[in-house]
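Welcome to this short tour. Please have the sequence and the 3D view open while you read.

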Amino acid sequence: MFACFYVPDFPVQACLLPEPAEIRRGLSQSPLAVLDGPDNLQRVFAANAAARNAGIQIGMTKLQVETYGGILLRKRSIAIEEFAQGTLADFAGTFSPRVESTCPGAVVADLAGMEKLLGPWKSAIWAMTAKAADAGFDLRIALAANPDTAFHAARGFSTSTIIPAGEEARRLAPLPVSTLPASPEMLDILESWGIPTFQSFAALPTIAIVERLGQQGLYLQQLARGEINRPLLTVEPNAEFVECFEFDDPVETLESLIFILNRLLQQLCANLIAASLATNELRLAVQLEVRQIQNGHKEEEEHKHDWKLPVPTQDKNLLLGLIRLHLEKTTFSAPIRKLTVEVIPIKPRVAQGNLFSPPSPEPERLEITLERIRGVVGISDKDGTACVGSPLLVDSHKPDSFTVEHFSSVVSLPDNCGTAPISALRVFRPALETSVELDGKKPQVVWLWHRHRRVLASSGPWSSSGHWWNSSAWAREEWDVLLQISPGVGLYRIYYDRIRRQWFVEGVFD
Amino acid sequence: MLPSLLRTEIEKKLPCAFQVYRRSLHGSIRTGIAQIDDVVQGIPLHALTEICGGNVSSGKTSVLISLLAQASRDRFCALVDAADSFDPGCGQAAGIYLPRLLWVRCGKSKVKLPPLEQAFKVADILLHSSGFGLIAVDLSSLPERVVRKVPLSSWFRFSRVIEKQSAALVFIEQEPHATSCAGLVLRVMAEPPGFSGNLVTQCNLKMEVARGWEKKPVRSERTGFSLQTQWA
């Protein structure tokens, strides 16, 4: 058995889909028309039943519609219609894994083997219609033994229909031939013959039809008899998880953006969950209204930002929190016209909690925490080293060589991790320039904190060098010196940079 | 009326009127320095601790590094470095498991906020995101006159927040500032280092407990210890 889910006045229902449920219910009862075409000559592309009852016809100009008064007007959006068609296919996918996106506003699902799951067909239709209303669609559903019969029944009849196998021709008989997917020329020929319905078209002799209308005519007659049984062209699961939204009027406030981002992320996470996937990479693209020129340089029209998460997630709130924190500290040069959000799908994390593992920051929540901290201290210093993260030593003999990596709470302790208390060095970054008086080769007096400090004891010199083969060469002579500091003494590390020919204080042992 | 009778009468109406407030003592983190651990039994969880010392060679950083090394074995740690003075090489040599250390370097980017405010804001964020077993805030490189201006209400708020968490909050400063908000105050002082020939081999330090786990000030306890240098 095949089920066709048909959305009457699809462009009208599609443009109401992004609205909240309460507003959508109210608007669906009001006369509403969808306009399409260039701005200076917009015409009615679709209208709901209330608008048609009020006298609105397809093809009317905007000016003509406005003379009626009380008609709500919306501009057609292809992106929203595509989104609605995807949502409709996803909805059908909750009843069957084999779904065909037949045409805009109609999908056909193969319900073979689903009888026990869905129950009697009559109650199944009722349940499907109720679920569709929750999803934002006012549907007509038809069940038939082949996809085309189900499609024509859903499209042609005003109520939901069940057509048992073998009764296709009889049940489709009253439908007008204009329901068939025929060319306008073919429909004109049928009209000139006085063929108004499926029944009269199906009753014509087959050979005579082929002689006069060719194979196309034969195909249409078989459709009218409900005899064509073709395989479904099933919708392949979308490998890309991208949602975008284009504003009618560019927006400047964060609240408006967050409202739309919340909906986009909700849809993306729902798609991820439906596909049993998660994401560890989030991409945001913000398209601005105009390209501005400042200081003779053109600014980018598009702002992009990527997030890489340490663990896969399906949590909408986490993703929304990351975007919100980023947008709060970003200033755009122009109003925002379009938002695109993409998540890169990967398999979800399968991890079992360990009673003996140490308490650790929740990986999902940790990302928000790190983003907040970056908002306070900044992202990186002037050398490009991150300000927040885990320190990682660089494989180099050069002192104070390190990078800062992304901090993750998913790490395990190595077995050979021993500790031994040692005297620690407190580093001055950058190192303090100083001058040193020498007694022979040993430092005698060091200029520090605006005073000359006498060296009580010294240890050195300890020479090291590296990278002499390229431009980042370094060579130094280190001394550990005990300086007379009021009050008490201080053990400092000083070094002589042999390339810059300058003394520096690197740090203090503390 | 006798004071004891008066007290009994009041306690009948207000049972908690004369109850002494005591912090809950649930575990501690060893510092890894035996002499300190023997005296204070480690750095307390659920409490604010101050490790103080003069601005040169007092040994406070060595105590911090040793504490981080011990804590990173079975906890995730955070170091809020107000003056970006932590040496990762020294930390690794002391045994800190660096992947478990979140290092926040304040005052290094173009953000206009002063380093002290950055450090306090970050500490606040970390306190509200549970999961870290040790949060250390190093303020010792900042001028004393700046740290002294931190209002007491900030210390009080930190002490009340950390009380509910299974974590230790440690401040490294030149002088103690949290007063009664601190559960433990350690003061570290330096003595002349030991040389072995031409080589500095050990730093000699003294430690004093300025405030114990109890609310009221305790009898000052002192102990001396030595730490070897990285190359000794």
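## Nonpolar cores

Setting aside residues within four places in sequence, B:Val80 is in contact with B:Val104, B:Cys106, B:Ala119, B:Val122, B:Ala123, B:Ala136, B:Val137 and B:Asp138. Please keep in mind that the model is predicted.

B:Val80 belongs to the largest nonpolar core, which has 100 residues. B:Val80 is one of the residues with the most contacts inside this core, along with B:Leu68, B:Val104 and B:Leu134. Helix H3 of chain B, residues 60-71, gives the core its largest share, seven residues. There is also a second, separate core of 59 residues, and among its members are A:Cys15, A:Ala124, A:Ile125 and A:Ala224.

## Where the two chains meet

How many residues does each chain bring to the contact? Chain A supplies 54 residues and chain B supplies 64 residues. On the side of chain A that touches chain B, the elements giving two or more residues are helix H15 (363-377) and the strands E15 (388-393), E16 (402-405), E17 (425-434), E20 (451-466), E21 (474-484), E22 (489-497) and E23 (502-509). This side of chain A divides into 31 nonpolar, 14 polar and nine charged residues.

Strand pairing also links the chains: E15(A) and strand E5 of chain B (residues 101-105) pair in the antiparallel sense over two bridges. Here A:Val388 stands opposite B:Val104 in E5(B). You have met B:Val104 already, as one of the residues with the most contacts inside the largest nonpolar core.

## A five-strand sheet in chain A

Now turn to chain A, where five strands form an open sheet in the order E5-E6-E1-E7-E8, with mixed pairing. Which strands stand at the edges? They are E5 (99-103) and E8 (161-162) of chain A; each has a single partner strand, so one side of each is left without a neighbour in the sheet.

Within the sheet, E1(A) and strand E7 of chain A (residues 140-144) are antiparallel and share five bridges. A:Phe5 has A:Ile141 in E7(A) as its bridge partner. Helix H7 of chain A (residues 121-135) packs on the sheet, where it touches E7 and E8 of chain A, and its direction makes about 150° with that of E7(A).

Another helix, H8(A), lies across E1, E5, E6 (106-110), E7 and E8 of chain A and runs at about 150° to E7(A). Eight of the 10 residues of H8(A), which spans residues 147-156, are buried, so this helix is largely enclosed by the rest of the structure. The buried residues of H8(A) include A:Phe151 and A:His152.

## Two helices side by side

The axes of helix H14 (residues 316-328) of chain A and H15(A) come within 10 Å and cross at roughly 5°. Because angles under 35 degrees count as roughly parallel, H14(A) is described as roughly parallel to H15(A). In this contact, A:Leu318, A:Gly321, A:Leu322 and A:Leu325 of H14(A) meet A:Glu364, A:Glu367, A:Ile368, A:Glu371, A:Arg372 and A:Gly375 of H15(A). The contact residues divide into four nonpolar, two polar and four charged. H15(A) is also among the elements on the side of chain A that touches chain B.

## Turns and backbone details

A hairpin is formed by E2(A) and E3(A), with six residues between them, and A:Gly37 in the turn has a positive phi of about 115°. Four bridges join E2 (residues 32-36) to E3 (residues 43-47) of chain A, and the strands run antiparallel. A:Leu35 has A:Val44 in E3(A) as its bridge partner.

Two residues other than glycine have positive phi values: A:Asp9, near 50°, and A:Arg501, near 55°. Are they buried or exposed? A:Asp9, in the loop between E1 (2-6) and helix H1 (10-16) of chain A, is buried, with 20 other C-beta atoms within 10 Å. A:Arg501, in the loop between E22 and E23 of chain A, counts as exposed, with 7 C-beta neighbours inside 10 Å.

Finally, look at two prolines. The peptide bond from A:Arg429 to A:Pro430 is cis, with omega near -5°, and A:Pro430 is found in strand E17 of chain A. A:Pro250 sits in strand E9 (residues 241-251) of chain A and counts as partly exposed, with 16 C-beta neighbours inside 10 Å. Not counting residues up to four places away in sequence, A:Pro250 touches A:Glu289, A:Pro335, A:Ile336 and A:Arg337.

Notes. Residues numbered from 1 in each chain as written. Chains lettered and ligands numbered in written order. Predicted model: local features only at pLDDT ≥ 70, side-chain atom pairs only at ≥ 80, totals over all residues. Buried ≥ 20, exposed ≤ 12 C-beta atoms within 10 Å, placed from the backbone. Contact = placed C-beta atoms within 7 Å. Nonpolar A, V, L, I, M, F, W, Y, C, P; charged D, E, K, R; others polar. Pairing = 2+ DSSP bridges. Axes fitted to C-alpha atoms, helices over the stretch in contact; angles between N-to-C directions. Parallel < 35°, antiparallel > 145°, perpendicular 65-115°, else oblique. Core = buried A, V, L, I, M, F, W, Y, C linked by C-beta atoms within 7 Å.
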